[in-house]
Amino acid sequence: MALINDLEWRYATKKYDPTKKVSQENVDKIVEAARLAPTSSGMQQFRVFVISNQEIKDQLVPIANGQQIVADASHVLVFAAWDQYTEERIDSIFKLTTKERGLPSDKFVDYTNRLKAVYLKQSPEENFAHTSKQAYIGFGLSIAQAAELKVDATPMEGFNAAQLDELLQLKSKGLKSVLMLPLGYRDEDGDWLLPMKKVRNPKEEFVQEI
């Protein structure tokens, strides 16, 4: 029940105490949870940018539609997914896999050819729709890890992705922003959401037994 208890503790923090900072050790653990996330074909189709520079966090406020939490948080994680699949990207992960596992270099040729046959014929928009889903998997595990460490986090989709991409120069890296995750510690006196009861659909409505 430890994970359930941690998830019951967490909530989408609405106001952070800017004087409290998350340790580098804990930030590293939260990012590592995302790195270890299961992804389609094990390709890790996303990257995580860790922002602690106050000047950059301040620049995130208008990008996040005026939400001050991105400036007050200790750190802001940006989850960015591949903008599209390429031969090089598909090949690179399987070259790494065969090398690390001591396998023949052609071990996965048939499999990578099948992946290329599926993804390379799709549009960049279709590719990004798929890669962005992988970012959500890592995002969820980071939130769970933060809860275990009793680090507050706020899932965020409400921002101008084009502006964020420009700020972080993601286009040149072949990436597009998907999500932001501010991390820090709640302002217990100033967060309007903290004292409110959590509301979830009743279990009998949420779970459908077949």
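**The core and its surroundings**

Author: Setting aside neighbours within four places in sequence, Met 43 is in contact (heavy atoms within 4.5 Å) with Trp 82, Tyr 85, Ile 90, Ile 93, Phe 94, Leu 115 and Tyr 119. The model is predicted: local features need pLDDT of at least 70 and side-chain atom pairs count only at pLDDT 80 or more, while totals for chains, interfaces and linings use all residues. Residues are numbered from 1 along each chain as its sequence is written, and side-chain values use heavy atoms, with hydrogens and water left out.

Met 43 belongs to the largest nonpolar core, which has 29 residues. Such a core is a set of buried Ala, Val, Leu, Ile, Met, Phe, Trp, Tyr and Cys residues joined through side-chain atoms within 4.5 Å; buried means under 20% relative accessible area, exposed over 50%, and partly exposed in between (1.4 Å probe, protein chains only). The members that touch the most others are Met 43, Leu 60, Val 70, Val 76, Val 78, Leu 164 and Met 180. Two or more residues each come from E1, H3, H4, E2, H5 (87-101), H6 (109-119) and E4; helices (H or I, at least four residues) and strands (E, at least two) are DSSP runs numbered from the N terminus. E2 gives the largest share, 4 residues. A second, separate core of 19 residues includes Ile 30, Phe 139, Ala 153 and Val 178.

The strands come next. Four of them form an open, antiparallel sheet in the order E1-E2-E4-E3, where pairing requires at least two bridges found by DSSP. E1 (46-51) and E3 (152-153) are the edge strands with a single partner each, so one side of each has no neighbour in the sheet. E3 pairs with E4 (residues 175-184) over 2 bridges, and Ala 153 lies opposite Leu 183 in E4. Helix H2 (residues 24-35) packs on this sheet and touches E1, E2 (75-82) and E4. The direction of H2 makes about 165 degrees with that of E1; axes are lines fitted to C-alpha atoms, for helices over the stretch in contact, and angles run from 0 to 180 degrees between N-to-C directions.

Ser 41 sits in the loop between H2 and E1. The phi of Ser 41 is positive, near 60 degrees, although the residue is not glycine. Most residues other than glycine have a negative phi. At 25% relative accessibility, Ser 41 is partly exposed.
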